[in-house]
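Have the viewer ready and keep the sequence beside it.

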Amino acid sequence: MIHLKTPQEIKTMAEGGKILAEIIKKLSEAVKPGITTQELNKLAGELILFYSEKEGGKVKTAFLGYGDYPAHVCTSVNDEVVHCVPSGRELKEGDLISLDMGIRYKDFYLDSAVTVPVLGESSYDMWSKLNPKLHRLLEVTKESLGAGIKQAKIGNRIGDISCAVQSVVENNRFGVIRELVGHGIGRNLHEEPQVPNFGVVGEGVKLEEGMVIAIEPMVALGDWRLAKGADGFTYKTKDGSYAAHFEHTVAVTKAGPLILTKP
Ligand code: MG
Ligand code: MG
């Protein structure tokens, strides 16, 4: 069953989304050589506490304890695609890290992800020039998310979003992950409908005013097939190629798609 949200509920979700965007921005800024992914998780916990105190206890962690997941944030590095548990792993210059995080704000969940390079002395521009393929992987994944979001309009179908994402990715000859999909979101972290990153225009659930969905392309430099890590959480690319993941929580409104998880 799809739970439609009222304009007031979407307004509340947008308030929470702004907080999540700030937290993810601060986490991204903390990414540097030598930091461990567990330290990033600790920072995520501190940021949740900071915003919770600021908002009278209205901000809560969302991933910790969800299906036994043991952390606030997923920290997936290089060929790890999603759901990697923070650990003592030290980030190295040139790694790619995906930070995927959710919070609960008032009664509603928000979910968002970014992928960033681990920069040492070099600037992002320098990194881009030295690593054109990885840079393009990030840009194309972001672009595919943007293309999917544009289709989140009343009267369109889920397949329109899926196809838009897939087209951008495959036109650039990258692999779009199929085993994992985006999802409805609201009073639950995962609600109906599923939002695959591949599909056919005009197929699937019709989008209605008040639907809120997490659109989240996961893209591999090589083949899209996944292998599950020994910890039971991590998904990696089977061929070992690097992957990227960008996600926004988006509302379908009369005024068009509304990105809730932006600063
Ligand atoms: Mg997520
Ligand atoms: Mg999600």
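**Ground rules**

This is a predicted model, in which local features need pLDDT of at least 70, side-chain atom pairs count only at pLDDT 80 or more, and totals for chains, interfaces and linings use all residues. Residues are numbered from 1 along each chain as its sequence is written, chains are lettered from A and ligands numbered from 1 in the order in which they are written, and side-chain values use heavy atoms, with hydrogens and water left out.

**What the record says**

An unreviewed UniProt entry carries the annotation "domain: Peptidase M24" over residues 12–254. UniProt positions are given here in the numbering of this model, feature names are shortened, and annotations may be inferred rather than shown by experiment. Over that stretch the chain is 32% helix and 26% strand, with the end C-alpha atoms 17 Å apart. Helices (H or I, at least four residues) and strands (E, at least two) are DSSP runs, numbered from the N terminus.

Start with the metals. Donors here are N, O and S atoms within 2.8 Å of the metal (3.2 Å for Na, K and Ca); water is not among the atoms, so sites may look incomplete.

| Ion | Protein donors | Distance |
|---|---|---|
| magnesium ion (ligand 1) | Asp100 (OD), Asp100 (OD), Asp111 (OD), Glu247 (OE) | 2.0 to 2.8 Å |
| magnesium ion (ligand 2) | Asp111 (OD), His183 (NE2), Glu216 (OE), Glu247 (OE) | 2.1 to 2.3 Å |

Along the chain, the donors of ligand 1 follow the spacing D-x10-D-x135-E. Which residue bridges the two ions? Aspartate 111 does, and the ions lie 3.2 Å apart. Aspartate 111 sits in strand E5 (residues 108–117), while glutamate 247 is in the loop between E13 and E14, 136 residues apart, so this pair links distant parts of the chain.

Glutamate 216 is buried at 7%, and glutamate 247 is buried at 1%. Buried means under 20% relative accessible area, exposed over 50%, and partly exposed in between (1.4 Å probe, protein chains only).

**Two helices**

Helix H2 covers residues 37–54, and its 18 residues should span 26 Å at 1.5 Å a residue; its end C-alpha atoms are 26 Å apart, which agrees. (The expected span is 1.5 Å times one less than the number of residues.) Among the buried residues of H2 are Leu40, Ala44, Leu47, Ile48 and Tyr51. Seen down the axis, the buried residues fall within an arc of 160°, so they line one face of the helix. That arc is taken from the directions from the helix axis to the C-beta atoms. On the other side of H2, Lys42, Leu49, Glu53 and Lys54 are exposed. The cover over the buried residues includes helix H1 (7–30) and strand E4 (96–105). Just after H2, glycine 56 takes a positive phi of about 60°.

Helix H4 (residues 132–150) has 19 residues that should span 27 Å, and its end C-alpha atoms are 26 Å apart, which agrees. Its buried residues include Leu134, Leu138 and Leu145.

**The cores**

A nonpolar core is a set of buried Ala, Val, Leu, Ile, Met, Phe, Trp, Tyr and Cys residues joined through side-chain atoms within 4.5 Å. The largest one has 70 residues, of which Ile23, Ile97, Met101 and Ile103 touch the most other members. H1 gives the most to this core, with eight residues. Leaving aside neighbours within four places in sequence, isoleucine 23 is in contact (heavy atoms within 4.5 Å) with Leu47, Ile48, Tyr51, Met101 and Ile103. A second, separate core of nine residues includes Val81, Val82, Ile177 and Leu226.

Most residues other than glycine have a negative phi, and most peptide bonds are trans. Aspartate 68 has a positive phi near 70°, lies in the loop between E1 and E2, and is exposed at 67% relative accessibility. Arginine 173 has a positive phi of about 65° and is exposed at 74%. Finally, a cis peptide bond joins glutamate 192 and proline 193, with omega about 0°.
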